[in-house]
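Welcome, and thanks for taking a look at this one with us. Here is a short briefing to read alongside the sequence and the model.

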Amino acid sequence: MTTVPRTYNGAESAAGPLIYLRHTPNVAVGEWVAIEHAGTPARRGQVIDAGNEITVVQVLEETIGLSPAAARVTLTGDVASVIVGRELLGRTFNGMGQPLDGLPAPIGDALRPIWAPPLNPVRRARPADFIETGVSAIDGMNTLVRGQKLPVFSGPGLPALDLAADIVEGARAPHGEPFAVVFAGIGITARETQAFLERFQRSGAAERAVLYLNEARDPTIERLLAPRVALAQAEFLAFEAGMQVLVVIADMAHYCEALREIATAREEIPGRRGYPGYMYTDLASIYERAGIIVGRPGSVTQIPIITMPDDDISHPIPDLTGYITEGQIVLSRELHRRGVFPPVDVLPSLSRLMNAGIGGGKTVPEHREWSDQIYAVYARGREARLMAAIVGEAGLAESDRRALAFAQTFEDEFVGQTGRRTLGETIQTGWRLLETLPREDLGRLSDATWQQRERGLASAPTHHAPRTE
Amino acid sequence: MSAARIVRVSGALAEATGAAGASLYELVKVGKRGLLGEVIRITGDRITIQIYEDTTGLRVGESVALTGAALTVTLGPGLLGSVVDGVGRPLPHIAEQSGDFIQPGIAADTLDAVRRWRFTPAVRIGDPVAAGNVIGTVPERPGIEHRIMVSPTMSGRIASISAGEFTIRDTIGTLEDGTPLHLAEPWPVRQPRPAEARVPAERPFITGQRIFDFLFPVAEGGSVAVPGGFGTGKTVIEQSLAKFAEADIVVYIGCGERGNEMAEVLNEFPRLLDPHTGRSIMDRSVLVVNTSNMPVAAREASVYLGVTVAEYYRDMGYRVAVMADSLSRWGEALREIAARLQEMPGEEGYPTYLGNRLAKFYERAGRIRALGKPERFGSLTLISAVSPPGGDFSEPVTQASLRVAGALWALDASLAHQRQFPAVDWETSYSLHGGVTSRWFASHVGADWPELRRATLELLQQERDLREIAGLIGPDALQDPDRLLLESARLLRETVLGQSAYDPHDAHSPVEKTYRLASLARAAYQVGLKSLQRGVPFERLDLAPVSRALGLVRRAPPAEVDARAAEAETAIRALETVEAGP
């Protein structure tokens, strides 16, 4: 859409993150804007409402001290775009893609629009490749598949970022393909950033990672940009450089708040809890950028982190997210209090693409049965735990008492883990727990699987993920 | 050519002035790239346009061209097996022109204009033809004869007609007044296709899913709302129905849903066989795909496009099923556009006409006698998924759906957490088609079907009441008949109502198998009760072998169902002969 830049002296008015311009012929919606103001570096913005009479620009940086009459506003004639490339690996940028690591701005391989067009559904390849994360509650019970978007639903104070860091460090591509991590920190605290960075540097993961950081103290509106800048880079690495890319976005709750702030500033009619009515569509334009393209080697897998306000899974942010993503990993405050790490609550967690990524040739042939059986006994144990609170453990039926004991051990020894576990170790741990139960409690296992297990044949994984680090 | 120019662009909306003569819902081409849009408001010579494509880069001052026609879809041979976006552009063609990502401004016709179809006339020169008359046929797909009908706006006498190979653009004949006849006709998607008369439903829409066919059956030509929070399995249900339901034609509308799910559908459908005809299910399917990240205005249009295609096949005399996943995303698109128009919002920000628009959409379902000759009866059954925020059914889209839908299949998150699939809550679900469907099942499957259904619903109700008590006093403190009831209900839930969408022989359950399983589960309960009356204590009644046997019936391939059912009967008879004392 390139046309010549046009500069206007003085804007009509300003309110919060928005400035209003008068009489701007040829202005395009989505056009990138530079706002200069005496004594401050140029701020960037974007046209969100293009009009002959009034044009609305959303300023992506702090607007404190901005006087509309004194501002020089340039419509650049371009859409928002960002430099992407292989050489960005190992580097750190802000939410708009400017270097934070003291090195010069990259030259990159290409310039890409930040707001990308949608992937044609007929060009999508069906995700079906297992990713070993090293976390039993995920690998065994809610398997992550390449090209999937699987969010972590967390609560304030729960170790979602630690889990994300574990996944980033522990993830193995099934056949040792080139692998990269793109991290978008949105509105996270300096402490969280620090902790995350340190772990990255220690483990050596930093070299194959690109970080985009918009911290809590950074401009709010930049948060709308950060995940898209990160995804533009991820898409380049995946679809042009042929890498398997894992994108971690923390925290989407902060993103949604920025979205609400803009909507309020524009005096839009609010939807649920003040969030704009188009939040579903807007979130989809981020989450749907996970995937695989027919005929191209790479993939984009997303792990967005969402801190649920007041641990409420029906809050609009996790709710709309859950409708778009392919499942969710839910963290439990109760497990966290008991010191179980990672505190994954297996019952409400779900990976919708699990079936495509497990079974013979991918994980182990009996994976589905094995995980259904563990799930069933654990669910029964959790129900028994509730009942025991009322009638006492002694009032429970024999099989319920066994399920209750299983639930306890399962949480401590299967969900809880101290180091990375291979898939084989995860499956073995599960079998060890199941074997404590009599055969009659294991109705989900076919006789064939059970006998195979007893002969020690079933649990050998059909492949071992190579270590790539 | 009008001199209309854009004066404002905001999201999916643009305003233009100088557009005198525009009419409401007229299709327009916007800007240099010719983005497709629709006029939704006119004030003097100023028009407001909703644009079906991404507007990024659209400039104030660019021109707008009026087309003089409404948003239409070309109806004709070649629709079956196609995959189109919300405004009817085939996605594979878009991919050929713009690559892996969808760029705005691509023109692509719904139907292949080059392909030749073998047309066999059914009328002769001099025959009078009225609106809707079948004038000939085209073999569209194996087993599907495409009936070429006179447009509902036309009538006259045949002046010429020829057999042979034609494209959809060729003239296949003329009427005496000179009107040319074609294999295809354009139809405005927002306008329902007319029929001679609505006629009462005669038979159930057989889904192949036990809980629906048995407990909450819908009649052919009925409509169902399927609300459920995320993770309750709406999409799996919609897909299972699209695959296995007894219908001649299936239109699947992926409205604002996940891209990877559509990839799965596109990957799986061509390889699956219709259990009733043995042919690829793609041969009977039309897929309308507008995923959540595709433009929101096209999402609004997609449901109308899909249902118009369905009506067209209905008019040929086919039994058509429409799966819409999900109407909530359609409602949100409506809300988003209304908000940009700064309309006064109704409940939860939805426009006040949400209920009306939804009702009109649901009412496009029905069984009809088609216009013209020969006499044809067609039906359009509508299954709409609804995605209530937070799983709360009191929200506007669910409530507006319930006012008009003929059945409710309510999905429940706690059942889904227990891995009870389909996670249909039997307490809140209902069907208003009980009468006609019960009569059909009683005369075609088993005379005691209605009684079996009533008894099953009663058992489930009693179970829920008892579980509340058991939760307070512990299950061991219950009376023996109550404990048997709990166990029998569990058996029923696990083996009859539960169904695996992933098991090759369980994914689709013919009604005979459904009836078989329900009868066996009922028999187990009754035999158990008799034994208790003989004085056998509950502890001595082992239902586990019955449960295993029923599980085998469930997963048995069609040829083995009889043998497995006989084994289950043996297991049930064993309950009859349990000794009372030690």
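Which residue in β17(A) is the bridge partner of A:Q328? The bridge partner of A:Q328 is A:L350. Please keep in mind that this is a predicted model. The points below go through chain A, then chain B, and end with a residue of chain B that touches chain A.

**The eight-stranded sheet of chain A**

- Chain A holds an open sheet of 8 strands, ordered β9-β13-β12-β14-β15-β11-β16-β17, and the pairing in this sheet is mixed.
- The edges of the sheet are taken by β9 (92–94) and β17 (344–351) of chain A; each has a single partner strand, so one side of each is left without a neighbour in the sheet.
- From one strand to the next, the twist averages 15°.

**Two helices of chain A: α10 and α11**

- Helix α10 (367–391) of chain A has 25 residues and reaches 35 Å from its first C-alpha to its last, close to the 36 Å expected at 1.5 Å a residue.
- Just after α10(A) comes A:G392, which takes a positive phi of about 85°.
- Helix α11 (residues 398–415) of chain A has 18 residues, and its first and last C-alpha atoms span 25 Å, close to the 26 Å expected at 1.5 Å a residue.
- α11(A) does bend, by about 30° at A:T409.
- Where is α11(A) buried? Its buried residues are A:S399, A:D400, A:A403, A:L404, A:F406, A:A407, A:F410, A:E411, A:F414 and A:V415.
- The cover over these buried residues includes α10 and β17 of chain A, along with α1 (136–141), α8 (333–337) and α12 (423–434) of chain A.

**Strand β1 of chain A**

- In a regular strand the side chains alternate between the two faces of the sheet.
- β1(A) pairs with strand β7 (residues 72–79) of chain A in the antiparallel sense, over 4 bridges.
- Within this pair, A:R6 stands opposite A:L75 in β7(A).

**A closer look at A:D166**

- A:D166 sits in helix α2 (residues 160–170) of chain A.
- Is A:D166 buried or partly exposed? With a relative accessible area of 24%, A:D166 is partly exposed.
- Leaving aside neighbours within four places in sequence, A:D166 is in contact with A:T133, A:R199 and A:F341.
- A:G419 is 253 residues from A:D166 along the chain, and their C-alpha atoms are separated by 9.1 Å.

**Domains and sheets of chain B**

- The domain assignment of chain B gives domain 1 (4–71), domain 2 (117–182), domain 3 (202–433) and domain 4 (445–576).
- The C-alpha centres of domain 1 and domain 4 of chain B lie 61 Å apart.
- An open sheet of 4 strands in chain B runs in the order β10-β13-β15-β16, with antiparallel pairing.
- At its edges stand β10 (128–129) and β16 (180–181) of chain B, each with a single partner strand, so one side of each is left without a neighbour in the sheet.
- Strand β15 (residues 173–175) of chain B is joined to β16(B) by 2 bridges, and B:T174 has B:P180 as its bridge partner in β16(B).

**Strand β5 of chain B and its partners**

- Strand β5 (residues 46–51) of chain B is mostly covered, with 5 of its 6 residues buried.
- Strand β2 (residues 13–17) of chain B runs antiparallel to β5(B), joined by 4 bridges; here B:A16 stands opposite B:I47.
- Strand β4 (residues 35–43) of chain B is also antiparallel to β5(B), with 6 bridges, and B:R41 stands opposite B:T48.
- β4(B) and β5(B) form a hairpin with 2 residues between them, and B:G44 in the turn has a positive phi of about 60°.

**B:V60 and its contacts**

- B:V60 lies in the loop between β5 and β6 (63–70) of chain B, and at 2% relative accessibility B:V60 counts as buried.
- Leaving aside neighbours within four places in sequence, the contacts of B:V60 include A:N26, A:V27 and A:A50 from chain A, and B:I6, B:V7 and B:R8 from chain B.
- The C-alpha atoms of B:V60 and B:V9 are separated by 7.1 Å, with the two residues 51 apart along the chain.

Methods. Residues numbered from 1 in each chain as written. Chains lettered and ligands numbered in written order. Predicted model: local features only at pLDDT ≥ 70, side-chain atom pairs only at ≥ 80, totals over all residues. Heavy atoms only, no water. Pairing = 2+ DSSP bridges. Axes fitted to C-alpha atoms, helices over the stretch in contact; angles between N-to-C directions. Expected span 1.5 Å × (residues − 1). Bend = angle between axes of the 7 residues up to and from the residue. Buried < 20%, exposed > 50% of the residue type's maximum accessible area, 1.4 Å probe, protein only. Contact = heavy atoms within 4.5 Å. Domains from an automatic or database assignment.
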